[in-house]
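Have the viewer open, and follow along as we go.

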Amino acid sequence: VGLNQHIQQISPEQMGIRLDPDSLPIELRELANKHNAMLDRLQTGFRRLSEFSSDIAHELKTPLTNITTQNQVILGACRTPEEYQDAIASTLEELNRITKTINDLLYIAKAENKLIHRHDEVFAVQEEIDRLVAYFEILAEDADVQIVSSGDGQLYMDKNMFERAVGNLLSNAIRHAYADSTIVIDVQEVDEQVTISVSNQGDTIAEQNLPYLFDRFYRADKARTGSGSHSGLGLAIVKHIVDMHAGNIEVKSRLGKGSTFIVTLPTGEKNKKN
């Protein structure tokens with residue numbers, strides 16, 4: 001009867017209820033422990049979902065508020081054609097930010113539910129990195145930083161996902177690099193593994209922040225929250241892509257040395273042979 005009452009009490013609003021294994025017959029204690037562990041996982045999932053919903057609402061509210069306020073002001077009086085053009089350009093910038101956030105969220109949702117179809121192929125890593133460096137050169141020049149790369153390797157994986165992951169790391173490195181500094185990309189292939197490290201010279205990431213860098217919407221630089229087009233989803237996407245390819249990613253940040261993101265991926269030799 002106690003077990004039945006306990007189960008009936010469980011609801012999304014009452015996820016903290018747990019069975020006391022010691023109060024049950026010995027043959028039911030293992031079941032009670034598993035039941036409690038299941039509730040722990042469910043409670044964590046509900047909490048993360050609630051936090052995620054709040055983060056989405058906050059992330060979308062800021063640009064929508066900016067658009068509304070700006071249009072109310074611009075419509076408050078007659079303006080010159082140039083002022084209307086500036087207002088439209090600003091609105092488009094905010095809409096692009098919303099679109100990017102939604103696209104990133106959809107990508108993460110698909111990745112978590114294994115709905116992204118991979119198209120694995122063999123490619124030279126350095127060739128793809130050279131393309132990315134050329135693409136990011138203008139952004140790097142605006143930030144007054146240089147990008148250099150070295151090493152080489154070969155991978156068998158989804159090339160578009162690889163480009164997206166390394167592109168996000170490179171964008172992140174540029175955004176947080178000191179002016180007049182150099183971003184270094186190094187590629188090494190050893191024992192059927194390719195390691196790509198992206199290093200920049202910038203503010204040290206506090207040790208307590210390192211475990212959360214790949215969480216959705218997490219920003220170590222809280223003061224910049226809501227500014228620019230940075231939504232805090234880029235590193236979460238990198239982590240999903242790396243996990244999908246059975247790889248690993250870690251971060252090292254030391255005072256005076258900057259930060260280094262290290263991605264290790266299997267070359268896919270076994271998959272190529274099969």
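The structure holds 3 aromatic pairs, and it comes as a predicted model.

**Aromatic pairs**
- F123 and F162 make a tilted pair, with 5.2 Å from centre to centre and 55° between the planes.
- Because F123 sits in strand β1 (residues 120–124) and F162 in helix α5 (residues 159–175), this pair ties together parts that are 39 residues apart in sequence.
- Are F123 and F162 buried or exposed? Both are buried.
- F214 belongs to the loop between β5 (193–200) and α6 (234–244), while F261 belongs to strand β7 (residues 258–266), so here the pair ties together parts 47 residues apart in sequence.
- F214 and F261 are buried as well.

**A charge over a ring**
- Which residue lies over the face of Y107? That is R164, at 4.1 Å from the ring centre.

**Strand pairing around β4**
- Strand β2 (residues 145–151) runs parallel to strand β4 (residues 181–190), and the two pair over 7 bridges.
- To find this pairing in the viewer, look for G151, which stands opposite V187 in β4.
- With β5, strand β4 pairs in the antiparallel sense, over 7 bridges; here D186 stands opposite S197 in β5.
- β4 and β5 form a hairpin with 2 residues between them, and D191 in the turn has a positive phi of about 50°.

Technical notes:
Residues numbered from 1 in each chain as written. Predicted model: local features only at pLDDT ≥ 70, side-chain atom pairs only at ≥ 80, totals over all residues. Heavy atoms only, no water. Phe/Tyr/Trp six-rings, centres within 6.5 Å; stacked < 30°, edge-to-face > 60°. Helix = DSSP H or I, 4+ residues; strand = E, 2+ residues; numbered from the N terminus. Buried < 20%, exposed > 50% of the residue type's maximum accessible area, 1.4 Å probe, protein only. Lys NZ or Arg CZ within 6 Å of the ring centre and 35° of its normal. Pairing = 2+ DSSP bridges.
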